[in-house]
Each structure stands twice: as C-alpha cells, then as structure tokens.
Amino acid sequence: MTSISSMGAPGLPMPSSSAGRAAPPRVEPRLPQPPAPSPATTQVTLDGGAAAANELVYAKPKAAEPAPLFARTRSWATAAQRGDEIGGLMARNVDGRTAKGGLADSWRGLGGALLARFAATPANYRQTLVDTQAPQAPGGPAGTSTEAIDAQLPDLDQPDATQVSLKIQTRSGQTVALKISMSRTEGDAGGEGLQVEIAGSGPLEQDEREALAKLADGLDRALEGLGHPERPQLDLAGLMKAYDGKALTGLELSIRNPKPQQALESFSLSLGAERKALALKGGAGEVALNLDLSTPLRTTDPQQRQAAIQQHLRQFDAAAQRSRADAGLVALFKDAFAQMHGAAAPPEQPAAADDALGDPALARQLQPLHSGLQDFQASFGGDFKKTTERGAINEIGRADYTLSQKTTVRRQGGAGEMSITQERSEQLDAHSLKSRFGGMLDTSSGNYDIRKVKDSLSTTTLIERTKDQPLRALRKTEQQQLETREALENHRVTERSSLPATRNFLERLR
C-alpha cells in the first residue's frame, strides 16, 4: 500500500506562507472502505427449516413427557413355581384376558390342570399371581419393596372376589378341595390378582386318583361355558359322565361372582349317590333343578329316557311362549333339564325299579306306565323385556315356572300287593306391561296394556296290584288356565277381559 506523508504529495508545490492569508484546509484523499457488516438478526423457526449461517436459530421446544406416577409390577407368591405348567397357564390367562372374554379367559385350563397335577402327584399346591400399579420412585424405577406391593394386593378371600370352589369326597373318606380366586381393584393404583390352590385331607387310593384325573376335561368344559361373556352356557355332560360313583361319593362345584350386573352371579352343582342338584343365578334370572336318584321308578332304557326329556322340552317351549319369558333363560333351563336327566346311571348301579319292587318282571310291566325319569323339582324365574326393530323397549314383565314329579310306593298286606302313585305338578305365573301400537313403552303416561297368565296342570298316575287282580293303572289330569287383559288410559282401566279354561279327565292305562 502507498503511504501518504503529512508533508504533501511529491511533485506538488507547497503553498507559501508569506502571502499573509490563511492556508486552505487540507483535504486528505479518501480510500475506499470495505462495507460494514450487517447487524445479526434473530429468527425463531417452528418447522425445523434451514436458516442462514449468520442467523441465531431457536428450535421448537419439545413437550416434556411427564414421568409416570405408577408402573405395573408383577409378583408371584412362590418364585420357584412361576415357571411350572400351572404358573404358565396363570400368566397366559392374565396376559390374554380381554374385556369381551369374560370369566372364561381367566379360568381357561386351570381347573383341569390342577386336578391332573394332584392326581399324578398328590401334593398340596398354591400359587398367586398379582399385577399391581406400584408407585414410581422419584428419579428411578418403580418401587418393588414387599411392603409397597403387599399394600396394594387385591384381597382374594374377600366377599367381592370372584371364586370357583370344587370339593370332592372319596370312598376312603378323604376330601380334595380346589379353588380359583380372582380380584381386581380399579383406579390408577389398582391391581388384579389370580390365585389357585388344591389340597387334600389325606392319602388317596389309586382308583381315587384316577377318578380325579377323569374329571379334568369335564371341569374345564363346564367352566368355559359358565364363564361365557354374553350369557352363561351349560356344558355339564362331560363332568357328570366322568363322575365315578365307585371311587367318589360326592362332588360340589360352586361359583360366586358378586360384581353387579354380571351375566353369571352364582352357580352350584352337586353330584352324589342320592341326589343331583343345580342352581344358577344371573342377569337373565334364576334356574334350579333337584333330582332324587333314589326314585323307586325310573328306567335305564335310554330311548324311553330321551323320549321323556323331549316331551318335557316341548312343554317348556309352550310355557315360554305363553308367558313370553326371556329366551336365554328358557334355553338355560332346557339345557339344565336335558343334561341333568340325560346322564345315564352308572352301569354298576342296579335299576332302582328292581330294588324297590323286588321283581324284574313287574318292573318291565311298569316301564311304559311311568315317566322313566328320576323324581325332580325344577324351576325358572326372571324379568324380561321385548324391543322393537329399532331397539326401543315396548314390553316388560316377569315369568315364573315350576315343575315337579314325586313317586310313592306303598306295600300292602298280601304278598305282591302294592300301590304306586306318581304325581306331576306344573305352575306358570306371568305378567307384563306392553305399549300400544308397537311404540316405546312409557308407564308414566298411564297408557298401556296389562296381561296376566296363571296356569296349573297336575297329573296323577295310580298303579295297583292285588293278590287276585292283575296289574291296573289309571291317570287323572286336571288343568286350569287363566289369562286376563286390561287396557289403561290415563292410569284408569277402560277395558278388561278374562279367558279361563278348565280341563279334567280320567284315562285307563291298563
């Protein structure tokens, strides 16, 4: 670069100071200057786009995810057993349970596996699996202390727990008890638990252990049906057929499900040498059936037994149609009646008629004169509602139905003299409220129809044999039906009708 001296530029005359006037101001030449840098700008980008090199960029802040207050923790009562077959089934059932799966998802396979295990190795077994929402430790993983988990464990022995219980009595006097319990607590800190156990009171004979193993599949099928999410289903034939009356003296299966508005609320099944009994309660209503296995007259002929069962099922359909009972409840009742009566007597047990009468030839003569079924008491009852095609409720009501059979044998003075009486009784009681013109029922308006049904039917079969007279049999039938209807307008009865019917007759069977 050329430097510029303060003495002036070379080759130019210096002005004289002697002239007496002020020297003109000195003008220094201006050299070109580089452009001043632009001031830096600040830019906030919200879409992550590229920015110029001289821009300060603030990226969009990411929302901080809050640390969870609770974390799920799984615990086992016995760590050594968590990997065994039953522990694996428990974990599978808890992990695979769905809202639509019902109780069957939690019970699947457990009852049969417990029976099979105990039959193979008669040792007590107990295991508990619990999933809890444990508090999240600050800055660390969920707390897993024993105290923290125990404080949140669902109590599987409380009345609000869902429980399956099975008790089996053996010929040697021992008791085998099986239990499956479930409990669930709602909320952020809720949890759920599944507990199974099986225990025996003492050593079992080999045939008793084999009898337990035979019940495994039937128990699983029964629980699978009863735990159906929409409505309980009865699949008891396998369990009753596998019941070995030579090795076992009693079986009691019970279920309690105390949570409100459940398809299945309670169930019980009892099998023994003298009786079989069933009771079920659920959202559709109640079903009960009690069979007397010591009935003096019944048949071992499967064709006659099935014919009698089918006749009763048609009778139930007629009662359901007349009462307008809930279709699901009637289906349960029919299944219970067919399965409980359909299980044949074990072949080792002699025909009850032979025992009571002491005369096989007489038993064969009596066979076509009686029902061929064990004496019983049966009933169903429940509320029902009917809906229109658009789903509006247009009728509500209740139906109750009972049916029974009782057989009595009386021996008289002479040898071979006796009288046999078989009584059957049937009652139907139903009432309903129905809207007019197919619309939605509104009882507050006071404009609807009332229908009531009250029916009864009784048949008495009398069979007699005296010393000098051949066998003779009579059957007496008495039937009464009554249907009443009332039309209400503004809560006042404006029309009433009654349809009574009576039928009595006597027929000679022999």
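I take contact to mean heavy atoms within 4.5 Å, and with that I began at Phe267, which touches Leu226, Leu234, Leu236, Leu253, Ser254, Ile255, Leu278, Ala279 and Leu280 when residues up to four places away in sequence are not counted. I note that this is a predicted model, in which local features need pLDDT of at least 70 and side-chain atom pairs count only at pLDDT 80 or more, while totals for chains, interfaces and linings use all residues. Residues are numbered from 1 along each chain as its sequence is written, and side-chain values use heavy atoms, with hydrogens and water left out.

**Entry on the cores**

I looked up the nonpolar cores, a core being a set of buried Ala, Val, Leu, Ile, Met, Phe, Trp, Tyr and Cys residues joined through side-chain atoms within 4.5 Å; here buried means under 20% relative accessible area, exposed over 50%, and partly exposed in between, with a 1.4 Å probe and protein chains only. The largest core has 82 residues, and Leu115 and Phe267 have the most contacts inside it. Helix H5 gives the most to this core, with eight residues. A second, separate core of nine residues includes Leu297, Leu366, Met418 and Ile420. In soluble globular proteins, nonpolar side chains tend to be buried together.

Helices (H or I, at least four residues) and strands (E, at least two) are DSSP runs, numbered from the N terminus. I found that eight of the 11 residues of H3 are buried, so this helix is largely enclosed by the rest of the structure; the buried ones are Leu110, Gly111, Gly112, Ala113, Leu114, Leu115, Phe118 and Ala119.

I then asked myself at what angle the axes of H3 and H5 cross. The axes of H3 (residues 110–120) and H5 (residues 206–226) come within 8 Å and cross at roughly 170°, which makes H3 roughly antiparallel to H5 (an angle over 145 degrees). Axes are lines fitted to C-alpha atoms, for helices over the stretch in contact, and angles run from 0 to 180 degrees between N-to-C directions.

**Entry on salt bridges**

A salt bridge is a side-chain nitrogen of Lys or Arg within 4 Å of a carboxyl oxygen of Asp or Glu, and a search of the whole structure finds 22 of them. I looked at Arg74 and Asp95, whose side chains meet at 2.6 Å, N to O. Arg74 lies in strand S3 (residues 70–76) and Asp95 in helix H1 (residues 85–96), so the pair ties together parts that are 21 residues apart in sequence. Arg74 is partly exposed at 31% relative accessible area, whereas Asp95 is exposed at 54%.

For Asp455 and Arg322 the N to O distance is 2.4 Å. Asp455 lies in strand S15 (residues 448–465) and Arg322 in helix H7 (residues 302–323), so this pair ties together parts that are 133 residues apart in sequence. Asp455 is buried, at 11% relative accessibility, and I found Arg322, Arg451, Asp455, Glu483 and Arg485 linked in a network of salt bridges.

Terms used. Parallel < 35°, antiparallel > 145°, perpendicular 65-115°, else oblique.
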